Amino acid sequence: MLSVHHLSCARGDRTLFSGVSFSLAEREWLHVKGSNGAGKTTLLRALVGLAPQQEGEITWRGEVAPSDNFRRELLYLGHHAAVKEELTPLENLRLAASVDGLALSEREALAALIRMGLRGREALPVRVLSAGQKRRVLLARLLTRPAKIWVMDEAFNALDAAAVQLLGELVLAHLDNGGLAVLTSHQPLPVSGGRELVL
Amino acid sequence: MNAVWAMARRDLLLALRRKSEVLTALFFFVIVCSLFPLGIGPEPALLRKIAPGVLWVAALLATLLGLPRMFAADHQDGTLEQMALSPSPLGLLVAGKILAHWLVSGLPLVLLAPVLGIQFDLAPDALGVLVLALLLGTPLLSLIGAIGAALTLGVRGGGVLLALLVLPLYVPALIFGAGAVEAHIAGLAFAGHFSLLGAMLAVALFFAPWATTAALRIALES
């Protein structure tokens, strides 16, 4: 479904990686590994179309990506919190959904936040939450935004053991539903059966 | 179109939570406009003569004050990335942000202008022309400013660069905006000035979101 052929990326004059190839089908996930500065984040950003690629080809359902169709089925969670500090978790979730053109009722948003362990925090400004809780607000989007492919950069950072476990369960459920995932992480992930790519 | 409203609503809510940023630019506008009558002294003829120019220059500078923040927060916290990857077209989301920017920092200037114009002894009908000219001109300032804000995004010392980039582009709006009021005071026809302002606004409405989107994509690549 997703196939990457001979991808090369550079930062300035320095080639970060070249000739990266892999393909993923439904229910498969890829664990991108590598030391700091190896280009994991750049690979993920190139994959979703945020960073320029030097060479190579990415295709999604047989069509050259990143395309509009690809973006519609993609959920990318990067390094950044991507939540607004002045707004409450509930507002963040609902406004993000409406910007994406999705209708999300208050009840659905609240259920997602409760699932992420943010019960009682939904009406506080995100500013007063801890780093891990901010991350959970972002991760709640996994529950509210339907997507076929999840691309997550260091998604397990700043999370406590329970949240790591929960995120692992979410990824597994996503794969069981026929989804795909590309993850980077330095720590062992609570998701088995993934393919590995070392940069 | 829903994407435009959704984005505008989000930015308006954010502006409501960060009132100080908005109020700073408005107070700046009020104070700059009030300094001129105080500094020049009570000579009604001279004040009437300089009023359109002073009010327009102050509006330009007040708009410029808030421009660097137009995309900076979204860029910093990663929301801009999410916007670029959203199923909604980035161009429409950018249009929504520009709309919110105008509602928050352009429209209040239009509403304040007649009050400040009284300090310059402008006649009521001249104040009317001033408000109409600003109503056509301030969206133009937001649209052109958005291109500059996107181009200087993530650049160190971007604020000064932004001023150098955007102020020359504001010159036509200034000439025809202030010119309309001056023409009216001099008893001449001002419809031509409005037509030109309107034409510039129409062109900017079409091109500015597109150019801003292109600049934002470049900023995201680095």
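Is A:A82 buried or exposed, and how many other C-beta atoms lie within 10 Å of it? In this predicted model, A:A82 has 23 other C-beta atoms within 10 Å, and because the threshold for a buried residue is 20 or more, A:A82 counts as buried. Its place in the chain is a loop, the one that runs between β6 (74-77) and α3 (89-99) of chain A. Once the neighbours within four places in sequence are set aside, the contacts of A:A82 are with A:L138 of its own chain and with B:D77, B:G78, B:T79, B:E81 and B:Q82 of chain B. Within chain A, the C-alpha atom of A:A82 is separated by 9.4 Å from that of A:N92, a residue 10 places away along the chain.

One of the residues touched by A:A82 is B:G78, and B:G78, which comes just after α4(B), takes a positive phi of about 85°. Helix α4 itself spans residues 69-76 of chain B, and B:M70, B:F71 and B:D74 are buried in it. These three residues lie on the same side of α4(B), because the arc that they cover around the axis is only 60°. The cover over the buried residues of α4(B) includes α5, α6 (90-118), α7 (124-151) and α9 of chain B.

Two of the helices named in that cover, α7(B) and α9(B), also pack against each other, with their axes 8 Å apart and at an angle of about 20°. The two helices are therefore roughly parallel to each other, since angles under 35 degrees are counted in that way. The crossing of α7(B) and α9(B) is left-handed, and the residues of their contact comprise 21 nonpolar and three polar residues, with no charged ones.

Not counting residues up to four places away in sequence, B:A208 touches B:I98, B:L143, B:I144, B:A146 and B:I147. Of these, B:I147 is 61 residues from B:A208 along the chain, yet the C-alpha atoms of the two are separated by 6.3 Å.

The axes of α1(B) and α6(B) come within 7 Å and cross at roughly 40°, which makes α1(B) oblique to α6(B). The crossing in which α1(B) passes α6(B) is right-handed. From α1(B), the residues that meet α6(B) include B:W5, B:M7, B:D11 and B:L12, and among those that they meet in α6(B) are B:L92, B:K97, B:L103 and B:V104. The contact of α1(B) with α6(B) has 15 nonpolar residues, one polar residue and two charged residues.

Back in chain A, several loop residues have backbone geometry that deserves a separate look. A cis peptide bond, with omega of about -5°, joins A:A65 and A:P66, and A:P66 is found in the loop between β5 (63-64) and α2 (68-72) of chain A. Further along, the loop between β7 (149-153) and α7 (161-176) of chain A holds A:E154, and the loop between β7 and α7 of chain A is also the place of A:A158. Phi of A:E154 is near 50°, a positive value in a residue other than glycine, while A:A158, although not a glycine, has a positive phi of about 65°. A:E154 is partly exposed, with 18 other C-beta atoms within 10 Å, and A:A158 is likewise partly exposed, with 15 other C-beta atoms within 10 Å.

How values were computed
Residues are numbered from 1 along each chain as its sequence is written. Chains are lettered from A and ligands numbered from 1 in the order in which they are written. This is a predicted model: local features need pLDDT of at least 70, side-chain atom pairs count only at pLDDT 80 or more; totals for chains, interfaces and linings use all residues. A residue is buried if 20 or more other C-beta atoms lie within 10 Å of its own, exposed if 12 or fewer, and partly exposed in between; C-beta atoms are placed from the backbone. Helices (H or I, at least four residues) and strands (E, at least two) are DSSP runs, numbered from the N terminus. The arc is that of the directions from the helix axis to the C-beta atoms. Two residues are in contact if their C-beta atoms, placed from the backbone, lie within 7 Å. Axes are lines fitted to C-alpha atoms, for helices over the stretch in contact, and angles run from 0 to 180 degrees between N-to-C directions. Angles under 35 degrees count as roughly parallel, over 145 as roughly antiparallel, 65 to 115 as roughly perpendicular and the rest as oblique. A crossing is left-handed if the near helix is turned anticlockwise from the far one by less than a right angle, and right-handed if clockwise. Ala, Val, Leu, Ile, Met, Phe, Trp, Tyr, Cys and Pro count as nonpolar, Asp, Glu, Lys and Arg as charged, and the others, Gly among them, as polar.
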